[in-house]
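Please brief me on this protein model, topic by topic, with the cut-offs behind each term.

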Amino acid sequence: MKTNVVLQSSDRELFGVTIRQNTKEEFLSVTDLQNAYEKARFIHGWSEKRINDMLGWVETRNRIYYLLLERGIIKTSLNDFIKETDSKGVTKVLKELGLYKTTGKGENKTVMCDPYIWILLAMELNPMIYAKCFEV
């Protein structure tokens, strides 16, 4: 059984925030991505965006669908995927697929996700973050 170690390296910095990665699923921290966005948005004057809100956007769900379909993770139709995410919520569907998880409570609460989903979210936040992610 693999031990789940969370890597915290200065090599994984995004706008001064270290992006944590666990070794078990190789998930990246969505919490750290949101924190990096918040830091950068004050510096660059970007508008407020919350990852939880973005996950509900139809465009984001369409992108997630095609990403999962291309990787062979799902075999359903786009309409069925949208209906399922409408009824259950995107995060619950992703958790059921083993691509998204929440750990801890309170100030120790951390959201982690599959690296492909993480990059998709970074791209949705801002093109500058998207470009910086390839350095992470």
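This is a predicted model: local features need pLDDT of at least 70, side-chain atom pairs count only at pLDDT 80 or more; totals for chains, interfaces and linings use all residues.

Residues are numbered from 1 along each chain as its sequence is written, and side-chain values use heavy atoms, with hydrogens and water left out.

**Overall make-up**

- The protein has seven helices and seven strands; helices (H or I, at least four residues) and strands (E, at least two) are DSSP runs, numbered from the N terminus.
- Along the sequence, these elements follow the pattern β-β-β-β-β-α-α-α-α-α-β-β-α-α.
- Of the 136 residues in the protein, 39% are buried; buried means under 20% relative accessible area, exposed over 50%, and partly exposed in between (1.4 Å probe, protein chains only).
- The accessible surface comes to about 7,800 Å², and carbon and sulfur atoms account for 49% of this surface. Accessible areas come from the Shrake-Rupley method with a 1.4 Å probe, and for residues only the protein chains shown count as cover.
- Among contacts between residues at least 6 apart in sequence, 48% join residues at least 24 apart; contact means heavy atoms within 4.5 Å.

**Nonpolar core**

- The largest nonpolar core holds 35 residues, of which Leu-33, Ile-64, Trp-118, Leu-121 and Ile-129 touch the most other members. A nonpolar core is a set of buried Ala, Val, Leu, Ile, Met, Phe, Trp, Tyr and Cys residues joined through side-chain atoms within 4.5 Å.
- Two or more residues of this core come from each of α1 (30-44), α2 (51-56), α3 (58-70), α4 (78-88), α5 (90-96), β7 (110-113) and α6.
- Helix α6 supplies the largest share of this core, six residues.
- Not counting residues up to four places away in sequence, Ile-129 touches Leu-14, Phe-15, Leu-33, Tyr-37, Trp-46 and Ala-122.
- In soluble globular proteins, nonpolar side chains tend to be buried together.

**Helix α6**

- Helix α6 spans residues 115-125, and its buried residues are Ile-117, Trp-118, Leu-120, Leu-121, Ala-122, Glu-124 and Leu-125.
- At the start of α6, a side-chain oxygen of Asp-114 comes within 3.0 Å of the backbone nitrogen of Tyr-116.
- Ala-122 lies in α6 and is buried, with a relative accessible area of 0%.
- Ala-122 and Tyr-37 are 85 residues apart in sequence, and their C-alpha atoms are 8.7 Å apart in space.

**Largest pocket**

- The volume of the largest pocket is about 250 Å³. Grid points are joined across faces, edges and corners, and a volume is the space filled by probe spheres set on the points.
- On a 1 Å grid over the protein atoms alone, a pocket is an open set of points where a 1.4 Å probe fits, with protein on both sides within 12 Å along at least five of seven lines; lining residues have an atom within 4 Å of a point.
- The lining consists of Val-30, Thr-31, Gln-34, Asn-35, Arg-50, Ile-51, Asn-52, Tyr-100, Thr-102, Lys-109 and Val-111.
- Helices α1 and α2 and strand β6 (100-103) each give two or more residues to this lining, and α1 gives the most, with four residues.

- Thr-110 is placed in strand β7 and is buried at 9% relative accessible area.
- Leaving aside neighbours within four places in sequence, Thr-110 is in contact with Arg-20, Ser-29, Thr-31, Lys-101, Thr-102 and Thr-103.
- Lys-101 is placed in strand β6, and its side chain makes a polar contact of 3.2 Å with the side chain of Glu-25. A polar contact is a pair of N or O atoms within 3.5 Å; within protein, one must be able to donate a hydrogen and the other to accept it, and residues adjacent in sequence count only if both atoms are side-chain atoms.
- Lys-101 and Ser-29 are 72 residues apart in sequence and 9.7 Å apart in space, C-alpha to C-alpha.

**Other single residues**

- Arg-41 is in helix α1 and counts as buried because its relative accessibility is 15%.
- Apart from neighbours within four places in sequence, Arg-41 is in contact with Trp-46, Ser-47 and Glu-48.
- Phe-15 is in the loop between β2 (13-14) and β3 (17-18); this residue is not a glycine, yet has a positive phi of about 55 degrees, and is buried at 17% relative accessible area.
- Glu-26 is in the loop between β4 (21-22) and β5 (28-29), with a positive phi near 65 degrees, and is partly exposed at 46% relative accessible area.
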